[in-house]
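Please read these notes with the model open beside you. They are meant to be checked point by point.

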Amino acid sequence: MNYFNKKTVEDIDVLGKKVLLRCDFNVPIDENGNIEDTKRIDESLKTIRYLLLNNAKLIIVSHLGRPKGEYNVKYSLKPVAEYLSKVLGMEVRLSRDVVGEDTKKIVKSLKNGEVVLLENVRFCKGEEKNDPEFSEKLASLADVYINDAFGTVHRAHSSTAGVAKYLPSACGFLIKKEIEVMGKAMNDPKRPFIAILGGAKVSDKIGVINNLIDKVDTLIVGGGMAYTFMNALGYSIGNSICETDKLDLAVDIMAKAKEKSVKFIIPIDNKVGKEYKPDTEIKIVNSDSIPEDYMGLDIGPKTEELFSQALEGAGTIVWNGPMGVFEWKNFESGTLAVAKAVAKSGAVSIIGGGDSAAAIEKLGFSSKMTHISTGGGASLEFLEGRELPGLEVIDNK
Ligand code: AMP
């Protein structure tokens, strides 16, 4: 799947036009209404500033949390409007509704280069149902639709997909970058192309493995999911996390890797703990000697070395999922070692969103990576090669 031919904000005339811009302002907000992490908003600023500088009448739409189709002050976008006003140095009004009278009045009064933020689109029942009537109402506010919410392109909702049926459409700079970097890796990667997969479960990553196995030169598997593969190879894995219903699948994947001459690497040693606790008793053991009453919670030092060597000289690296329970100091070492090796490799490095992005950030390696995807589920589906409804609907060049 490639979306290289999608129109971008630079391919569309916005001067004096009412532009409906879908952003992903789904930010964490504490009980006092303070935004805990503004990253998602900051990442949208490039497109917002471009549209304002090009004299659009800007109407921004976003969701926040899961208010399930009704108004709930807890999910109001008020803190986002206040933050935007501050960083843009101009008034960003928040409408009291989404497609109601208040919004219509504000939109009517908008001058070129002015902006309104609509209240949380998920306050409306039609949004998540991708209800055509709601999509049409939303579309009727504007002349042009631009989507820059990569985090939601895998969802077919009114504001991410339905609305594009009624308006000329394009994607913003954030989505453009995601398409360019991840699309290049999936279609024409600089080789050797190495995928590193980790995290808790094989079942979450089956789609990614199946798609990547046809494309990569090396597949490295760490984290909790590695124990299903070890078990499938006949190792005793103690109390390590394992999906016993996925053992056949693990065997198939390893056979497929062999058939396609893809180097398949799993941990040779492990940091195991007696209990699933941050301060549990720890041992380092080879993969064929995991004690019965211990569980693998990180890769071991020999594996850190093995994975790091495998990454040397890589052309492209796609990484999704931590190598261990990185949230706990005692089990962050494997993820840290791999982050260092990825940074040192000089490869084009792409980090899938969600937990992987959180791990890289926590360990202080964000600036060393070529691209950290802004969408967890969306980047996973992109790597699976699936059609993304929010991108499908955007006009082609
Ligand atoms: P995912 O969202 O699938 O990428 O999984 C991320 C989660 O996997 C993190 O919260 C890690 O703590 C967890 N994880 C990584 N390695 C292990 C392991 N060996 N055992 C249990 N959980 C793990």
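1. The model is predicted, not determined by experiment. Its chain is divided into two parts: domain 1 covers residues 9-174, and domain 2 covers residues 181-384. The centres of domain 1 and domain 2, taken over C-alpha atoms, are 36 Å apart.

2. How many residues of each domain are in contact with the other? On the side of domain 1 there are nine, and they are in contact with 10 residues of domain 2. The size of an interface is often given as the accessible area lost when the parts come together. Here domain 1 and domain 2 bury about 650 Å² between them, and 60% of that area is on carbon and sulfur atoms.

3. Where does the side of domain 1 that touches domain 2 come from? Its largest share, three residues, comes from helix α1, which spans residues 39-53. Sorted by class, this side of domain 1 has four charged, three nonpolar and two polar residues.

4. The ligand is surrounded by 16 residues. The closest are Lys-205, Gly-224, Gly-296, Glu-327 and Asp-355. For Glu-327, a polar side-chain atom lies 2.5 Å from an oxygen atom of the ligand. For Gly-296, a backbone N or O atom lies 2.9 Å from a nitrogen atom of the ligand. Ala-200 likewise places a backbone N or O atom 3.1 Å from an oxygen atom of the ligand.

5. Two backbone details deserve a look. Most residues other than glycine have a negative phi, and most peptide bonds are trans. Asn-55 is not a glycine, yet its phi is positive, about 60°. This residue lies in the loop between α1 and β2 (57-61). Is the peptide bond from Arg-191 to Pro-192 cis or trans? The bond is cis, with omega near -5°. Pro-192 sits in the loop between α6 (173-187) and β7 (193-197).

Conventions. Residues are numbered from 1 along each chain as its sequence is written. This is a predicted model: local features need pLDDT of at least 70, side-chain atom pairs count only at pLDDT 80 or more; totals for chains, interfaces and linings use all residues. Side-chain values use heavy atoms; hydrogens and water are left out. Domain bounds come from an automatic or database domain assignment. Contact means heavy atoms within 4.5 Å. Buried area is the accessible area (1.4 Å probe) that two parts lose on being put together, summed over both. Helices (H or I, at least four residues) and strands (E, at least two) are DSSP runs, numbered from the N terminus. Ala, Val, Leu, Ile, Met, Phe, Trp, Tyr, Cys and Pro count as nonpolar, Asp, Glu, Lys and Arg as charged, and the others, Gly among them, as polar. A residue is near a molecule or strand if one of its heavy atoms lies within 4 Å of it. A polar contact is a pair of N or O atoms within 3.5 Å; within protein, one must be able to donate a hydrogen and the other to accept it, and residues adjacent in sequence count only if both atoms are side-chain atoms.
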